[in-house]
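Dear colleague,

Please find below the structure that I am handing over to you, with its sequence. My findings follow directly after it.

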Amino acid sequence: MERRTIGAAALDVGAVGLGCMPMSWAYATSQQRGDRSLRTVHAALDAGVTLLDTADMYGPFTNELLVGRALKERRAEAFVSTKCGLLVGDQHVVANGRPSYVRRACDASLRRLQTDVIDLYQLHRADPEVPVEDTWGAMADLVSAGKVRALGLCAVGARASRRGGTDRFEGTIRQLERVQQVFPVSAVEAELSVWSPEALWRLLPWCEARGVGFLAAMPLGNGFLTGTLTPGGGFEPDDPRARHPRFTAEMMAANQPVVAGLRRVAARHGEEVTPAQVALAWTLRQGPHVVPIPGAKREAWAVENARAAELRLTAADLREIAGLPAPRGSWD
């Protein structure tokens with residue numbers, strides 16, 4: 001697989017990563033099976049994927065334990081990204097950015113991941129009760145201690161305003177500018193896909209201008225861009241898509257032209273090329289510092305996603321994708 005170098009720390013990773021969250025948290029929990037997920041991680045590594053993205057809150061904790069089982073055998077082949085800063089309760093999630101907590105959280109993640117060092121340690125969310133510089137300083141101390149190689153920040157902010165003029169990532173950019181004064185940011189993780197391109201407006205250019213890597217979360221539009229979801233098919237009650245304004249039966253039907261466009265592009269590249277691969281190839285074309293991290297629970301999906309790195313979209317393909325209708329949600 002093509003390799004990409006991201007961040008001031010010159011982090012070397014495969015062009016397509018693997019989002020591990022769906023294996024043990026959210027997204028159809030009845031389909032989450034540890035042994036199958038472990039095989040999925042191994043299949044991804046075999047296909048050239050190196051970046052494994054997880055977090056202590058996924059599960060909570062069980063996702064890191066799962067990744068740790070794979071790392072025990074293949075640590076040298078993997079680039080490990082995990083996160084701290086969020087605590088999961090019975091019915092709520094709260095931020096904790098206290099330096100003492102950050103240190104404890106890192107040690108706990110290292111134990112669960114069965115590794116001596118975390119390649120990329122990300123702040124999941126800033127704690128409104130703690131100056132973000134204090135949290136980031138504690139994370140920087142972990143780099144000095146040799147427990148972490150580089151630091152990253154996850155984007156914050158609600159979905160784009162209906163009015164279209166509001167920058168969804170304005171708050172993230174303000175945070176980035178503050179923590180950059182304390183210790184270099186190596187990567188930013190934020191949503192980016194064919195139907196959620198808002199990061200292209202300001203956040204991606206901010207990263208590119210400063211040599212900061214960009215981890216594209218949800219590059220398959222929460223599964224919609226794969227073309228495998230049926231409008232009206234329903235979701236399990238704990239699946240976040242059951243409450244997502246783009247995943248009502250009506251809106252999934254209304255957004256089918258987006259998938260149809262990806263299918264047309266895929267057909268021009270061969271019978272085995274899928275809409276998901278086209279969506280990932282589009283994300284890869286947004287910059288050499290961009291690494292999509294699609295989630296996957298099954299081996300076949302992980303391998304299919306990895307092969308998207310081989311797909312080269314033409315100028316005509318990109319024009320067709322750019323001309324696809326904007327996605328609609330239940331608020332429209």
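In this predicted model, Gln 114 is partly exposed, since its relative accessible area is 38%, a value that lies between the limits of 20% for buried and 50% for exposed. Gln 114 sits in the loop between α3 (99-113) and β8 (118-123). Although Gln 114 is not a glycine, its phi is positive, at about 55°.

Thr 115 belongs to the loop between α3 and β8 as well. Thr 115 is buried, with a relative accessible area of 11%. Leaving out residues up to four places away in sequence, Thr 115 touches Arg 75 and Leu 110.

A positive phi of about 55° is also found at Asn 222, which is not a glycine. Asn 222 is placed in the loop between β11 and α7. With a relative accessible area of 11%, Asn 222 is buried.

The loop between β11 (213-217) and α7 (249-254) also holds Thr 226. Is Thr 226 buried or exposed? Thr 226 has a relative accessible area of 19% and is therefore buried, the cut-off being under 20%. The side chain of Thr 226 makes a polar contact, at 2.7 Å, with the side chain of Thr 228. Setting aside neighbours within four places in sequence, Thr 226 is in contact with Leu 220, Pro 275 and Ala 276.

Pro 275 and Ala 276 are both among the buried residues of α9, and that helix deserves a paragraph of its own. Helix α9 is mostly covered, as 10 of its 10 residues are buried. These are Pro 275, Ala 276, Gln 277, Val 278, Ala 279, Leu 280, Ala 281, Trp 282, Thr 283 and Leu 284. What do the buried residues of α9 pack against? Their partners are β1 (3-6), β11, α8, β12 (290-292), α10 (299-307) and α11 (315-322).

Two packed helices are described by the angle between their axes and by the distance between the axes. The axes of helix α8 (residues 256-268) and helix α9 (residues 275-284) come within 8 Å and cross at roughly 90°. The two helices, α8 and α9, are therefore roughly perpendicular to each other, a description that covers angles from 65 to 115 degrees. On the α8 side, the contact is made by Leu 262, Arg 263, Val 265 and Ala 266; on the α9 side, by Pro 275, Val 278 and Ala 279.

In soluble globular proteins, nonpolar side chains tend to be buried together. The largest nonpolar core here has 80 residues, of which Leu 18, Tyr 121, Val 194, Leu 203, Phe 214, Val 278 and Ile 321 touch the most other members. Helix α4 (residues 132-144) supplies the largest share of this core, namely seven residues. Apart from this core lies another, of 11 residues, among them Leu 51, Phe 79, Ala 187 and Val 291. As for Phe 214, its contacts, not counting residues up to four places away in sequence, are Val 188, Ala 190, Leu 192, Ala 199, Leu 203, Leu 204, Cys 207, His 289, Val 290 and Val 291.

Cys 84 is in no disulfide, and the nearest cysteine sulfur, that of Cys 106, is 7.7 Å away. Cys 84 counts as buried, at 0% relative accessibility. Cys 207 is likewise in no disulfide; the nearest cysteine sulfur belongs to Cys 154 and is 12 Å away. Cys 207 also counts as buried, because its relative accessibility is 0%.

Two further points concern the region around α2. Gly 59 and Pro 60 are joined by a cis peptide bond, with omega at about -5°. Pro 60 lies in the loop between β4 (51-53) and α2. Within helix α2 itself (residues 62-74) is Glu 73, which is exposed, with a relative accessible area of 60%. The C-alpha atoms of Glu 73 and His 42 are separated by 9.7 Å, the two residues being 31 residues apart along the chain.

Yours sincerely

Conventions
Residues are numbered from 1 along each chain as its sequence is written. This is a predicted model: local features need pLDDT of at least 70, side-chain atom pairs count only at pLDDT 80 or more; totals for chains, interfaces and linings use all residues. Side-chain values use heavy atoms; hydrogens and water are left out. Helices (H or I, at least four residues) and strands (E, at least two) are DSSP runs, numbered from the N terminus. Buried means under 20% relative accessible area, exposed over 50%, partly exposed in between (1.4 Å probe, protein chains only). A polar contact is a pair of N or O atoms within 3.5 Å; within protein, one must be able to donate a hydrogen and the other to accept it, and residues adjacent in sequence count only if both atoms are side-chain atoms. Contact means heavy atoms within 4.5 Å. A nonpolar core is a set of buried Ala, Val, Leu, Ile, Met, Phe, Trp, Tyr and Cys residues joined through side-chain atoms within 4.5 Å. A disulfide is a pair of cysteine sulfur atoms within 2.5 Å. Axes are lines fitted to C-alpha atoms, for helices over the stretch in contact, and angles run from 0 to 180 degrees between N-to-C directions. Angles under 35 degrees count as roughly parallel, over 145 as roughly antiparallel, 65 to 115 as roughly perpendicular and the rest as oblique.
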